[in-house]
Amino acid sequence: MDERIQRKVEKLEQQCQKEAKEFAKKVQELQKSNQVAFQHFQELDEHISYVATKVCHLGDQLEGVNTPRQRAVEAQKLMKYFNEFLDGELKSDVFTNSEKIKEAADIIQKLHLIAQELPFDRFSEVKSKIASKYHDLECQLIQEFTNAQRRGEISRMREVAAVLLHFKGYSHCVDVYIKQCQEGAFLRNDVFEDAAILCQRVNKQVGEVFSNPETVLAKLIQNIFEAKLQSYVKDQLEEHRKSDAEQYLKNLYDLYTRTTNLSSKLMEFNLGTDKQTFLSKLIKSIFISYLENYIEVEIGYLKTRSAMILQRYYDSKNHQKRSIGTGGIQIHKRTEAKISIQDLKERIRQRTNLPLGPSIDTHGETFLSQEVVVNLLQETKQAFERCHRLSDPSDLPKNAFRIFSMLVEFLCTEHIDYALETGLAGIPSSDSRSANLYFLDVVHQANTIFHLFDKQFNDHLMPLISSSPKLSECLQKKKDIIEQMEVKLDMGIDRTLNCMIGQMKHILAAEQKKTDFKPEDENNVLIQYTNACVKVCGYVRKQVEKIRNSMDGKNVDTVLMELGVRFHRLIYEHLQQYSYSCMGGMLAICDVAEYRKCAKDFKIPLVLQLFDTLHALCNLLVVAPDNLKQVCSGEQLANLDKNILHCFVQLRADYRSARLARHFS
């Protein structure tokens, strides 16, 4: 079996070797025949190149002969046509057949150029005839173009425009096209939308008709701006320019915005190389007379409008603005002597925080109005928007600063500052029995208003001045305003706190009796704390709540800490005025415990610590004489000065009889 397979394999191998030799031989033969074919191809290629060279040479020779011949034929035809003009009778079919107007135009255009070179004295008549025919054909072509445009035949329009391209009246053809494009295009009230639609439509068509579509479209746009838009803008603005500044500014802003928006749409079209400059010049030509004095109109309107808003508010309150301090509006003219006295009073008031002059009863009116503020800010916001749109970029920061100055004058000085001055004048003196403290309401409203002012500063003014030197000037102006107002707010809050303490003093003086802490019958004391304590704590809680409602942020803690410290000082000094029996001392401890509970409402650690210490001091009024030294060295009293401890111990009724002084010697 294996031998049979082996023989078969050997036989197959021999057969493969034989076929491989035959295949190799056949490949060699094919390579030789391919090489021969390649040589034949090279010879053929060289022969073709030789023949092509000969043909080109022959073509050049024929062209050299044919071109002068064609020129001669053409010159002969022109001479023939020229002779017809010279004889005064046009017989050629090209001039009499209206369907051959294109050929006639080509001939007359060439004759017209030739006629330009002829001397006038010998050929004046023929030159005149050629010029007349030139003009007639030109008019016919323009009329043909007009008719084709009305019929909407784009191919005919393109054909006629191509002929007219070499005529002087080509520009008139463009004018006719532009005029007819606008027929029926401006029928709606929105001239800007009509213009955009028209330009969109013409942009698609003009490339199919004219060889220079960008020039034609640019001329159409120029015509729309200088004729339609300029007339429309003038009608809209001149009507209100002198009679209604508000409407004039609104219209100017609206028209300029819509014009620039239209310009942005037109930027999509091909109008030549520098279309941005081209469109900017068109816009400038329309609005230049209005933009030159825009800011003066804006400032004048803003000043009048702001004054009217304020006056309308004060009239609604039946309030006549008066001269208070130096912050308010000075209505009445004063002599130099009076001014200097007023300034002197103001300086004394700022340095001493003393109310100079009579107190004004504002009847709870803050003379601050969010409605007024919103109206003023809205007017200024619109002014900033107009300023951004209508000002030249180089004048923008300067103009924005002027608008900001108007806002500062009317909102900050005429309204907020006047309200602060009036509020300061309305704060009663610390020894007054009046409990009407409205200045915190002024503080609350002033803070709210100033947040709105600050928001407008950041949102609407900053973007206009952020990259200019006016930025530092505006920031400094704002900083000065804040500092001036903070001085008056601090002064008013300080005097209000003094009044609060004064009210507490009146309550204590009226309600606290000496017998409260030294009762005649030690065994018959039924009250937990004195009536004076109850009323003072009730008053304090109301004031704490009012302070929290009137302020925000860290200001709440700062003012409550100051009130708490003064409240503690008042109670401390108040307790020093009495002599205490054992039961009276217990009652004093109960009072201080109630005061301490009231102090917790402040949520100020320092204030609570002060009342904790005061409570510990009151324990000295009741502790047994033998334990006095131990109590004084306790945790809460160990760090206090011995004189303070001694002063409290001296208030005990048994100070002398129990010989308590020996503990401090």
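The lining of the largest pocket splits into 9 nonpolar, 7 polar and 8 charged residues. Bear in mind that this is a predicted model. The volume of that pocket is about 610 Å³. Its lining has 24 residues, and Tyr256, Leu291, Leu390, Ser391 and Asp392 sit closest to the centre. Two or more lining residues come from each of α9, α10, α11, α13 and α14. Which element gives the most? That is α10, with 6 residues.

Next, salt bridges. The count is 29. Take Asp454 and Lys478: their side chains meet at 2.3 Å, N to O. This pair links distant parts of the chain, with Asp454 in α15 and Lys478 in α16, 24 residues apart. Is Lys478 buried or exposed? Lys478 has a relative accessible area of 12%, so it counts as buried. Asp454 is at 25%, so it is partly exposed.

Glu594 and Lys597 both belong to α19, 3 residues apart, about one turn. Their salt bridge is 3.8 Å, N to O. Glu594 is buried at 12%, while Lys597 is partly exposed at 48%. Within it, Arg156 and Glu159 have their closest N and O atoms 3.2 Å apart. Both lie in α5.

Last stop, Ser550, in helix α17. Its relative accessibility is 4%, so Ser550 counts as buried. What does Ser550 touch beyond its sequence neighbours? Leu440, Asp441, Val443, His444 and Asn447. A polar atom of the Ser550 side chain lies 3.4 Å from the backbone oxygen of Leu440.

Technical notes
Residues numbered from 1 in each chain as written. Predicted model: local features only at pLDDT ≥ 70, side-chain atom pairs only at ≥ 80, totals over all residues. Heavy atoms only, no water. 1 Å grid on protein atoms, 1.4 Å probe; cavity = no way out; pocket = protein on both sides within 12 Å on 5 of 7 lines; lining within 4 Å. Points joined across faces, edges and corners; volume = space filled by probe spheres on them. Helix = DSSP H or I, 4+ residues; strand = E, 2+ residues; numbered from the N terminus. Nonpolar A, V, L, I, M, F, W, Y, C, P; charged D, E, K, R; others polar. Buried < 20%, exposed > 50% of the residue type's maximum accessible area, 1.4 Å probe, protein only. Polar contact = N/O pair within 3.5 Å; in protein donor to acceptor, adjacent residues only side chain to side chain. Contact = heavy atoms within 4.5 Å. Salt bridge = Lys/Arg side-chain N within 4 Å of Asp/Glu carboxyl O. Lists of a residue's contacts leave out its neighbours within four places in sequence.
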